[in-house]
Amino acid sequence: MATQEITSKTAAPGGGEQGLTGAPHQAVPGSTTVPGRTGATEPAATRGKTSIADVVVVKIAGTAAREIPGVYDMGGGLSRTIGAVRDRVPGGRPNVGRGVKVEVGERQTAIDLDIVVEYGVPITDVAHDVRENVIAAVERITGLEVVEVNVAVNDVRLPDDDSSDSAGETRVE
């Protein structure tokens with residue numbers, strides 16, 4: 001679940017910022033902070049700062065990419081193998097961030113995706129749809145401008161990749 005940190009701040013002696021506890025407010029590592037304004041005369045919605053962690057953008061982008069028909073899985077070979085084992089462990093949850101890398105700045109983000117597509121789907125169409133869906137979701141949910149989404153197709157899933165040997169039939173007796 002994505003969370004946003006909203007912090008009210010007051011002027012500290014010496015010109016710094018303090019949180020409500022009086023301690024100096026520290027930026028969360030791996031997050032972007034959208035500065036707000038202070039003072040009772042400012043609109044309530046602009047008082048304070050909003051921090052969005054990198055992992056939030058990773059999860060949004062991963063979920064949006066998986067929504068596209070033709071995307072079978074995400075991540076490189078080793079990442080998918082480890083993920084498959086992890087998914088089979090009781091109580092384990094799928095890693096929606098697998099195959100997603102992001103760079104997040106103050107107002108912009110860039111996203112790299114590693115995907116596996118289903119055999120037979122037009123790869124350029126899938127990449128286009130993934131790109132559009134990821135950009136729309138990240139910009140709508142976070143308010144960050146997505147400057148680029150790079151899609152790397154690492155593998156194709158063939159129809160017979162997961163099927164067993166024709167219900168146990170063998171060619172020789």
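Visitor: What pattern does the protein follow, read along the sequence?
Guide: The pattern is β-β-β-β-β-α-β-α-β-β-α-β. Keep in mind that this is a predicted model.

Visitor: How many helices and strands is that?
Guide: Three helices and nine strands.

Visitor: And how much of the protein counts as buried?
Guide: Of its 173 residues, 30% count as buried.

Visitor: What about the accessible surface?
Guide: That comes to about 11,200 Å². Carbon and sulfur atoms hold 53% of it.

Visitor: Let's go inside. Which residues touch the most other members of the largest nonpolar core?
Guide: V100, I111, L113, I115, V130, V134 and V138 do. The core has 27 residues.

Visitor: Which elements give two or more residues to this core?
Guide: α1, β6, β7, β8, α3 and β9. The largest share is from α1, with seven residues.

Visitor: Pick I111. What is it in contact with, leaving aside neighbours within four places in sequence?
Guide: The list includes V57 and A61. V100, K101 and V102 are on it too.

Visitor: What span should α1 have, and what does the model give?
Guide: Helix α1 has 13 residues, 54-66. At 1.5 Å a residue, they should span 18 Å. The end C-alpha atoms are 19 Å apart, which agrees.

Visitor: New topic: charges. How many salt bridges are there?
Guide: The count comes to two. In general, side chains of opposite charge can pair when their charged atoms come close.

Visitor: Which side chain does R98 meet?
Guide: R98 meets D73, at 3.1 Å from N to O. The pair links distant parts of the chain, 25 residues apart. R98 sits in the loop between α2 (77-88) and β7, while D73 is in strand β6.

Visitor: Why does R98 count as buried?
Guide: Buried means under 20% relative accessible area. R98 counts as buried because its relative accessibility is 9%. D73 is buried as well, with a relative accessible area of 17%.

Visitor: And which side chain does E118 meet?
Guide: E118 meets R157, at 3.5 Å from N to O. E118 lies in strand β8 and R157 in strand β9, so the pair ties together parts 39 residues apart in sequence.

Visitor: Is E118 buried or partly exposed?
Guide: E118 is partly exposed, with a relative accessible area of 25%. R157 counts as buried, at 17% relative accessibility.

Visitor: Now the outside. Which residues form a nonpolar patch on the surface?
Guide: Y119, V156 and L158 form one. Together they have about 270 Å² of accessible area.

Visitor: Where does L158 lie?
Guide: L158 is in the segment after β9 (145-157). L158 is partly exposed, with a relative accessible area of 34%.

Visitor: Last one: what share of contacts comes from residues 24 or more positions apart?
Guide: Such residues account for 61% of the contacts with a separation of 6 or more.

Definitions and conventions. Residues numbered from 1 in each chain as written. Predicted model: local features only at pLDDT ≥ 70, side-chain atom pairs only at ≥ 80, totals over all residues. Heavy atoms only, no water. Patch = residues over 30% accessible without salt bridge, like charges linked within 9 Å, V, L, I, M, F, W, Y side chains within 5 Å. Areas by Shrake-Rupley, 256 points an atom, 1.4 Å probe, with all protein chains shown as cover. Salt bridge = Lys/Arg side-chain N within 4 Å of Asp/Glu carboxyl O. Helix = DSSP H or I, 4+ residues; strand = E, 2+ residues; numbered from the N terminus. Buried < 20%, exposed > 50% of the residue type's maximum accessible area, 1.4 Å probe, protein only. Expected span 1.5 Å × (residues − 1). Core = buried A, V, L, I, M, F, W, Y, C linked by side-chain atoms within 4.5 Å. Contact = heavy atoms within 4.5 Å.
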